Amino acid sequence: MMKKILYLTFALCVFACAKPQTLSTNQKEKVYFDSWVQLHYGEAYGQGLQGLGFYLDPAQEVTGSGASVKDSAFVRVKYTAYDLEGNILVSSNPDKHRQLGDYDTTYYYGPTIWNKADVTVVPAGIRSVLSTMNVGGKRTAIIPSWLMIYEDHDNGDAYFNSSTIGGKSSVYEIEIVEATNNISRWELDSLQAYTTSNPVYKYRKSDANVPLDKARFVRCSDASKDTTGGGYYYQQLKKADKEKKLPIDTTVYVNYIGRLLDGRVFDTNIQDTAIVHHLYSSSATYGPMKIRMATNFFDIKSISTSDGTESSLINGFTYALKHMMPGEHGVALFYSGMGYSYTATERIPSYCPLMFELQLVPEP
């Protein structure tokens, strides 16, 4: 206790006892940050600054037996971040959310993909922490606020002297699960693994060059939207009532269930399904979605049944509709380039392949 009092007294005296002077925001933050690190992680403080200017907790350091992620653009991580008062700021760990009392069965908890090559996505301090880690490695890093900014500078002093106000000084617990330079290839491998191992959605290689509306399960390429040449699968679960394409500019109705590849349901317009998967909301509208067809699949829109407002849909959803026939029931799987890409929500992580079960139904 006496040691804590002495350190905190020292930090306060910088302001109270020194000659009056004007300190920048980062200078003020540094006095508190250094004192806090020395107080809580004395050994880390003694080892000095790492990278751009963060500290490591040596007791929590696990090197990892995998490859270095220094030159990898994307890393898949498990992480928890705390502020300096010990409050959890964000976490991919479901147990942390149970601890906080905000665990939601409909949310996604698990490894998250960070694009560390993009300075607008991952703060400089975290990029610096990741740069010396290996796959399988774990570390606890104490990162100052001036490194929690989305900029690119040559060295730690440049970040410290930047006029940009950063986020909170934070303690990050990070574990590297995977790393890749080609996120599309990683997604395609995930889709391939799913379709070859799941007995319900078995991919048949003999169908690879058959048109979508003729195949049981086919890998498709559309030059305008699917640049990977293999990011789309479709399986027909029920044949169409009529073997004819839907007319352009006609109106159809569809029931849908959206899932992650692990089977977790994240969206549906079927009320019973929403109830079973704890997605039901009294303010939501359930029932077949009204769809306006179009010449191009990316121009297909949903139509509000209350006021007629049109809304855009993700390309993977509309690509399936474009090739379906009246009464058909099928499942579409596609990579995030035809879904939500790098955008994450509480229920869908970034760079996530998706699966939609779709059924064309009569007008209600």
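**Reading the labels**

Modeller: Let me start with Tyr 45, which is partly exposed at a relative accessible area of 28%. Please keep in mind that this is a predicted model.

Biologist: Why is Tyr 45 called partly exposed?

Modeller: Buried means under 20% and exposed means over 50%. Tyr 45 has 28%, so Tyr 45 is partly exposed.

Biologist: And what about Tyr 55, buried or exposed?

Modeller: The relative accessible area of Tyr 55 is 5%. The limit for buried is under 20%, so Tyr 55 is buried.

Biologist: How many aromatic pairs are there?

Modeller: The count comes to 19 aromatic pairs. In the pair of Tyr 45 and Tyr 55, the ring centres are 5.6 Å apart and the planes stand at 20°.

Biologist: What makes that pair stacked?

Modeller: Centres must lie within 6.5 Å to pair, and planes under 30 degrees apart count as stacked. With 5.6 Å and 20°, Tyr 45 and Tyr 55 meet both conditions, so the pair is stacked. Tyr 45 belongs to helix α3 (residues 42–47) and Tyr 55 to strand β1 (residues 55–56), so the pair ties together parts 10 residues apart in sequence.

Biologist: Why is the pair of Tyr 256 and Phe 317 called edge-to-face?

Modeller: Their centres are 5.6 Å apart and their planes are at 80°. Over 60 degrees counts as edge-to-face, so the pair gets that name. Tyr 256 sits in strand β9 and Phe 317 in helix α9, so the parts tied together are 61 residues apart in sequence. Both Tyr 256 and Phe 317 are buried. They also belong to one aromatic cluster, whose members include Tyr 232, Phe 266, Phe 334 and Phe 356.

Biologist: Which residues touch the most other members of the largest nonpolar core?

Modeller: Among its 38 residues, these are Ile 291, Phe 317, Leu 354, Phe 356 and Leu 358. Elements that give two or more residues to this core include α7 (183–197), α9 (315–323) and β15 (354–361). The largest share, 5 residues, comes from β15. A second, separate core has 36 residues, among them Trp 114 and Phe 160.

Biologist: Which residues is Phe 356 in contact with, leaving aside its neighbours within four places in sequence?

Modeller: The list includes Tyr 256, Phe 266, Phe 317 and Phe 334.

Biologist: How do you know that His 329 counts as buried?

Modeller: Its relative accessibility is 16%. Buried means under 20%, so His 329 qualifies. His 329 is in strand β14, and its contacts beyond four places in sequence include Tyr 234, Lys 238 and Glu 357.

Biologist: What makes you say that the charged end of Arg 98 sits over the ring of Tyr 103?

Modeller: The charged end of Arg 98 is 4.2 Å from the centre of that ring. The distance limit is within 6 Å, and the charge must also be within 35 degrees of the ring normal. The pair is listed as sitting over the ring.

Biologist: How confident is the predictor in the chain?

Modeller: The average pLDDT is 86, and 85% of the residues score at least 70. Over residues 1–10 the pLDDT is below 50, and residues 199–228 are also below 50. Where pLDDT is low, the predicted coordinates should not be read in detail.

Technical notes:
Residues are numbered from 1 along each chain as its sequence is written. This is a predicted model: local features need pLDDT of at least 70, side-chain atom pairs count only at pLDDT 80 or more; totals for chains, interfaces and linings use all residues. Side-chain values use heavy atoms; hydrogens and water are left out. A nonpolar core is a set of buried Ala, Val, Leu, Ile, Met, Phe, Trp, Tyr and Cys residues joined through side-chain atoms within 4.5 Å. Buried means under 20% relative accessible area, exposed over 50%, partly exposed in between (1.4 Å probe, protein chains only). Helices (H or I, at least four residues) and strands (E, at least two) are DSSP runs, numbered from the N terminus. Contact means heavy atoms within 4.5 Å. Rings of Phe, Tyr and Trp (its six-membered ring) pair if their centres lie within 6.5 Å; planes under 30 degrees apart count as stacked, over 60 as edge-to-face and the rest as tilted. pLDDT is the predictor's confidence in each residue, from 0 to 100.
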